[in-house]
Amino acid sequence: MECKIVTIPGDGIGPEIVREACKVLDKVGRVYGHTFSYKEILMGGCSIDAYGVPLTDEALAEAKAADAVLLGAVGGNVGNSRWYDVAPNLRPEAGLLAIRKGLGLFANMRPAYLYQELAQACPLKKEIIGDGFDMVIMRELTGGLYFGERHTEEVDGVLQAVDTLTYNEHEIRRIAIKAFDIAMKRRKKVTSVDKANVLDSSRLWRKVVEEVAKDYPEITLEHMLVDNCAMQLVMNPRQFDVILTENMFGDILSDEASMITGSIGMLSSASMNETKFGLYEPSHGSAPDIAGKDVANPIATILSAAMMLRYSFDLDKEASAIEAAVQKVLTEGYRTVDIMAEGCEQTGTARMGDLIAERIG
């Protein structure tokens, strides 16, 4: 297979971690007979420096022409950067919002997986985590409260703010289909999270999700109220496979899920549109304080590349090979500084990429 990938190294540690992910992809290509070609574009602070804007129309066009996009990180230190002494639409993170909109990325997928080798970093009790957990949170990314009409006005001498939570059945159906498709590649269970005991939008959400479920008879569907889900994530995270939810609930629950894994440096993510096209990135930020020091953890970006193989290119075997290589390196005791533990061998960014690549094939 030939795959055209646009890479966006971005700012801070972004170039370092994207370089290691491409190193691993190249090894996959050699072992399994695929060709991965890369086109690098600028986004974020580096684009501001070069062009005065966080994302140019030309860069967006390059991304649209690709089969998938691999992103490092964008931005810098908010309180100590020339990039932030400007209007919000000209700041580095505005590039991320622009590319999501330009590519129609409405589905955010964030896995939360606990490696047994990192179990000591999990804040939950050992009897709760057992032999670990493995879930994916599928969050609707372009609708709901964050994108509804809003205003603040004075009513009878009192300031009043209004935010509108709106969803239509099309928006719900397309994210539900994504969640069920993902579940078919996993353990075939979907937990749809809403607040149907209070909100009309959640009642519509539940109705549409149940309609979609009829097309997936192999999938087990359960509904869960969002407050109960937040509680269940820390009481029994092993019960979850795919969590499907709306924008604000997903924002909160995915952050909660990331913390119970013990290290954000291990967390991959993807944002997808209605086709198999996706933008893949680590969940962590640009960490400008450690940029260029060969200490950043590239594993989240490497696992994001594995997600790209699985969900954009349907290369499940190859994705599993990357995941197995990461597991093997951790089992052998290699660690970057952020996940370092007693008795392990500390390694840098580039060597971690080498170690993972060497264990493929």
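Ser312 is buried, with a relative accessible area of 8%, where buried means under 20% relative accessible area, exposed over 50% and partly exposed in between, computed with a 1.4 Å probe on protein chains only. The model is a predicted one, in which local features need pLDDT of at least 70 and side-chain atom pairs count only at pLDDT 80 or more, while totals for chains, interfaces and linings use all residues. Residues are numbered from 1 along each chain as its sequence is written, and side-chain values use heavy atoms, with hydrogens and water left out.

Leaving aside residues up to four places away in sequence, Ser312 touches Asp67, Ala68, Met272, Lys276, Phe277, Gly278, Tyr280 and Met307, a contact being heavy atoms within 4.5 Å. Two of these neighbours are also reached by the Ser312 side chain through their backbones: the backbone oxygen of Lys276 at 2.5 Å, and the backbone nitrogen of Gly278 at 3.5 Å. A polar contact here is a pair of N or O atoms within 3.5 Å; within protein, one must be able to donate a hydrogen and the other to accept it, and residues adjacent in sequence count only if both atoms are side-chain atoms. By contrast, the C-alpha atoms of Ser312 and Ser192, 120 residues apart along the chain, are separated by 23 Å.

Strand 4 pairs with strand 5 (residues 134-140) in the antiparallel sense over seven bridges, two strands being paired if DSSP finds at least two bridges between them. Within that pairing, Met109 has Met138 of strand 5 as its bridge partner. Strand 4 also pairs with strand 11 (residues 268-272), again in the antiparallel sense, over three bridges, and there Asn108 stands opposite Ser271.

Lys188, in the loop between helix 6 (169-184) and strand 8 (189-194), has a phi near 65 degrees, a positive value in a residue other than glycine, and with a relative accessible area of 27% Lys188 is partly exposed. Ala287, in the loop between strand 12 (278-282) and helix 10, has a phi near 40 degrees, likewise a positive value in a residue other than glycine, and Ala287 counts as partly exposed at 25% relative accessibility.

Terms used: Helices (H or I, at least four residues) and strands (E, at least two) are DSSP runs, numbered from the N terminus.
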